[in-house]
Each structure stands twice: as structure tokens, then as C-alpha cells.
Amino acid sequence: LEDISFDFGNRPNIHWMEHYQKLKSEYDKHGTYNIAYDSSTPSFNNFVKKNGEIYSSFQESAMTGSSDPVVRQKIDLLQGINFDFEAADYSRSDKNWDEKFQKLQEYKEENGNCDVKKNH
């Protein structure tokens with residue numbers, strides 16, 4: 001493969017780039033993007049969360065000089081659209097908490113208490 005100059009993929013993969021383009025398009029249109037968890041787009045949610053986690057790992061490996069050039073490319077692209085790596089790590093858990101809190105409020109309104117049974 002090296003003899004025919006095969007490209008071993010020292011760049012982000014196609015699926016990663018598709019999600020990045022979706023995020024970039026939102027950023028280009030609005031100057032911002034919404035990275036809140038959305039249950040209708042699980043692969044995109046995973047993309048957002050994973051890149052928040054990757055950034056943390058990258059920072060640690062950069063200190064030791066062992067950082068991956070493909071990860072560096074991804075981070076550079078995301079930084080170019082002001083991706084909020086810290087918010088990405090928490091977007092899903094915050095949304096889930098809000099949804100569960102809303103359900104608890106509805107339960108209390110219907111039942112007059114917050115004594116939700118485990119199987120409810």
C-alpha cells in the first residue's frame with residue numbers, strides 16, 4: 001500500500017466530517033449552535049459528547065508530547081467554530097435532568113406528592 005501512496009487516513013473520517021459540517025452550518029447561519037441533547041439525533045449527540053471527552057484526553061496527551069495528529073485536526077476545526085468543549089461534556093446529563101425534573105413536577109401535580117414508585 002505504501003508503494004502506491006495509499007492514504008492511511010491521517011484526517012478525520014467521513015462520519016465525523018458529516019457531523020462537523022452540520023455543526024458548522026448551524027454556526028455559519030446563526031453565529032452559534034445548540035448542543036443540547038436531542039433524543040431524535042443519537043449519533044449527533046454522541047459526536048458532541050465524544051468531542052468534549054476527546055478534548056480533555058488530548059490536553060493530557062499534549063503535555064506528554066504524545067498527541068494524535070488526527071485528533072489535533074479535529075480540535076482545530078472545532079475551535080474554528082468556537083466549539084464549547086466543556087459544555088459538550090455536560091449537554092446530555094443537563095437535558096436528562098431537566099426532562100426528569102419536568103416529569104416529577106407533572107407527577108406531583110397529578111398525585112399531590114413526589115413519592116414516585118420505582119416502577120412508575
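This is a predicted model: local features need pLDDT of at least 70, side-chain atom pairs count only at pLDDT 80 or more; totals for chains, interfaces and linings use all residues.
1. Axes here are lines fitted to C-alpha atoms, for helices over the stretch in contact, and angles run from 0 to 180 degrees between N-to-C directions. The axes of helix 1 (residues 14-30) and helix 2 (residues 42-64) approach to within 10 Å and cross at roughly 90°. Angles of 65 to 115 degrees count as roughly perpendicular, so helix 1 is roughly perpendicular to helix 2. On the side of helix 1, the contact uses W16, H19, Y20, K22 and L23. Helix 2 supplies S43, F44, F47 and N51. By type, the residues of this contact divide into 5 nonpolar, 3 polar and 1 charged.

2. Next, the overall layout. The chain has 4 helices and 0 strands. Along the sequence the pattern reads α-α-α-α. Of the 120 residues in the chain, 23% are buried. Take the contacts between residues at least 6 apart in sequence: 62% of them join residues at least 24 apart.

3. W16, H19, Y20, L23 and Y27 are buried in helix 1. Viewed down the helix axis, these buried residues fall within an arc of 100°, so they line one face of helix 1. I14, H15, D28 and K29 are exposed on the other side. What do the buried residues of helix 1 pack against? They pack against helix 2 and helix 3. Note that W16, H19, Y20 and L23 are listed both as buried and in the contact with helix 2.

4. The buried residues of helix 2 are F44, N45, F47, V48, N51, G52, F58 and S61. Among them, F44, F47 and N51 also take part in the contact with helix 1. After helix 2 comes G65, with a positive phi near 80°.

5. Is N51 buried or exposed? The relative accessible area of N51 is 3%, and the cut-off for buried is under 20%, so N51 counts as buried. Leaving aside residues up to four places away in sequence, N51 touches W16, L78, F83 and F85. Of these partners, W16 belongs to the helix 1 side of the contact with helix 2, and L78 is one of the buried residues of helix 3.

6. S57 gives another reading within helix 2. Its relative accessible area is 46%, so S57 is partly exposed.

7. Helix 3 (residues 69-80) has 12 residues. From its first C-alpha to its last, helix 3 reaches 16 Å, close to the 16 Å expected at 1.5 Å a residue. Seen down the axis of helix 3, the buried residues fall within an arc of 135°, so they line one face. P69 and G80 are exposed on the other side of helix 3.

8. Check N82. This residue lies in the loop between helix 3 and helix 4 (85-111). Most residues other than glycine have a negative phi. The position is just after helix 3. N82 counts as exposed, at 52% relative accessibility.

Note on methods:
Residues are numbered from 1 along each chain as its sequence is written. Side-chain values use heavy atoms; hydrogens and water are left out. Helices (H or I, at least four residues) and strands (E, at least two) are DSSP runs, numbered from the N terminus. Angles under 35 degrees count as roughly parallel, over 145 as roughly antiparallel, 65 to 115 as roughly perpendicular and the rest as oblique. Contact means heavy atoms within 4.5 Å. Ala, Val, Leu, Ile, Met, Phe, Trp, Tyr, Cys and Pro count as nonpolar, Asp, Glu, Lys and Arg as charged, and the others, Gly among them, as polar. Buried means under 20% relative accessible area, exposed over 50%, partly exposed in between (1.4 Å probe, protein chains only). The expected span of a helix is 1.5 Å times one less than its number of residues. The arc is that of the directions from the helix axis to the C-beta atoms.
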